[in-house]
Amino acid sequence: MEKSEPTEKITTLHDLTLPRTCKRIVIKVGSALLVGPDGQPRREWLASLAGEISAATIRGQEVIVVSSGAIALGASRLKLEKGGRANLADAQAAASVGQIELSALWADLLGGHGLTTGQLLVTLEDLEGRRRYLNASATLKRLVDRGVVPVVNENDSVATHEIRFGDNDRLAARVAQAGKADAVVLLSDIDGLYDRNPKDPGAQMIPMVHGVTKQIHDMADGGSGSGLGSGGMTSKLQAAEIAERAGIALAIVNGQYTAPLARALQGGIGTLFLPRRRDSGRKAWLGGRIRMRGTLVVDSGAAKAMHDGNSLLAKGITDVTGNFSRGDVVEVRGPDGEQIAKGLAEYDASEVFAIMGRHSDDQERLLGYAPRSAVIHRDQMVIVSIRK
């Protein structure tokens with residue numbers, strides 16, 4: 001998906017408002033911001049956000065919206081308990097009804113500013129499979145090229161617990177990858193990432209993060225305070241990891257105010273996660289994969305070799321879990337349990353189990369055929385951990 005590249009790098013929150021640093025931006029809106037406690041849309045707040053989106057397009061930016069709210073809106077209309085999340089059937093029915101109202105809401109509010117909206121409903125599989133991912137990317141390209149504001153949501157009417165994102169934070173990061181955006185803004189119910197629970201006395205907000213580490217993850221609170229949404233700070237940090245490996249900046253800002261983008265981005269109130277690298281399109285897709293087919297555990301020597309840019313050999317593998325086939329995406333974890341990499345397996349799980357810990361000289365005898373050069377080749381691997 002081709003687009004004009006910004007002429008300058010993003011270094012501050014304010015840069016997310018400038019076409020020269022952020023030509024294309026994804027804005028994620030959660031259920032608790034879009035729907036009030038009475039189950040009705042917060043139209044006044046949404047109208048202020050629609051005005052900000054319009055202002056962004058006028059100054060030359062391209063906007064993609066990732067919007068929650070279908071289940072909450074549908075649950076109110078159907079009078080379902082627990083906001084439509086009591087069980088899977090309720091959630092799917094609520095999403096089916098609510099999605100119509102949600103798309104009409106965005107079309108009405110953005111249409112008032114002369115903007116055309118397009119709806120794109122996706123499931124986890126639509127962005128996990130390479131071919132379907134490219135199809136979604138092509139659709140976003142065509143919409144943006146025609147001046148349309150795409151409004152994206154997970155297709156909760158057909159998604160199940162096993163094959164769903166579960167939160168729109170990670171979905172927003174994956175959409176940003178597919179849409180080749182420069183930045184993602186997650187509108188939250190908090191000003192940004194704090195060094196501890198923000199309710200604790202002395203908690204300090206962190207204005208900028210250069211790479212999400214274990215220390216950063218330890219600061220997160222995994223719950224969703226509103227009860228309407230499905231994400232928390234943990235899901236936002238996972239979204240930041242997906243984005244930063246693709247060269248995409250991500251901001252967590254407070255969306256509870258009228259005209260939230262102006263308050264946060266122009267006022268510099270929020271947490272900005274700066275990208276630490278820009279992987280190729282294929283490797284960005286691979287690094288952003290959420291659903292793994294299996295896990296390989298490696299020893300410290302193999303972990304170091306992978307960080308040095310080498311392929312994963314059977315000799316360094318100490319354990320195998322999952323029932324994967326050749327070509328499936330698996331994760332690699334070190335001896336301490338930390339995720340090191342994701343990659344495409346060159347062997348089935350049973351074959352890896354047979355040759356793990358063995359030298360290449362033994363593998364032909366164990367497998368009955370000449371072994372491949374690696375269990376995961378470096379060209380089909382993405383390192384996801386920061387070397388300590």
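The model is predicted.

**Stop 1: strand β1**

Select residues 24–29. This is strand β1, and six of its six residues are buried. Now show the side chains. Arg-24, Val-26 and Lys-28 point one way. Ile-25, Ile-27 and Val-29 point the other way. Arg-24 and Lys-28 are buried along with the rest. In a regular strand, side chains alternate between the two faces of the sheet.

**Stop 2**

Which residue of β2 stands opposite Ile-27? Look for Val-65.

Centre on Val-26: its bridge partner in β5 is Val-184. Strands of a sheet pair through backbone hydrogen bonds, either parallel or antiparallel.

**Stop 3: the five-stranded sheet**

Move to the open sheet with the order β10-β9-β11-β12-β13. Its pairing is mixed. Which strands are at the edges? Select 317–322 for β10 and 381–383 for β13; each pairs on one side only. Neighbouring strands here are turned by 20 degrees against each other on average, with direction ignored.

Zoom in on β9 (residues 294–298) and β11 (residues 329–333). They run parallel, and three bridges join them.

**Stop 4: helices α7 and α9**

Select residues 168–178 for α7 and 233–244 for α9. Two packed helices are described by the angle between their axes and the distance between the axes. Here the axes come within 7 Å and cross at roughly 15 degrees. That makes α7 roughly parallel to α9, because angles under 35 degrees count as such. The crossing is right-handed.

Show the side chains at the contact:

- From α7: Asp-169, Arg-170, Ala-173, Arg-174 and Gln-177.
- From α9: Ser-235, Lys-236, Gln-238, Ala-239, Ile-242 and Ala-243.

Colour these residues by type. How many are nonpolar, polar and charged? The contact of α7 with α9 has four nonpolar, three polar and four charged residues.

Methods: Residues are numbered from 1 along each chain as its sequence is written. This is a predicted model: local features need pLDDT of at least 70, side-chain atom pairs count only at pLDDT 80 or more; totals for chains, interfaces and linings use all residues. Side-chain values use heavy atoms; hydrogens and water are left out. Axes are lines fitted to C-alpha atoms, for helices over the stretch in contact, and angles run from 0 to 180 degrees between N-to-C directions. Helices (H or I, at least four residues) and strands (E, at least two) are DSSP runs, numbered from the N terminus. Angles under 35 degrees count as roughly parallel, over 145 as roughly antiparallel, 65 to 115 as roughly perpendicular and the rest as oblique. A crossing is left-handed if the near helix is turned anticlockwise from the far one by less than a right angle, and right-handed if clockwise. Contact means heavy atoms within 4.5 Å. Ala, Val, Leu, Ile, Met, Phe, Trp, Tyr, Cys and Pro count as nonpolar, Asp, Glu, Lys and Arg as charged, and the others, Gly among them, as polar. Two strands pair if DSSP finds at least two bridges between them. Buried means under 20% relative accessible area, exposed over 50%, partly exposed in between (1.4 Å probe, protein chains only).
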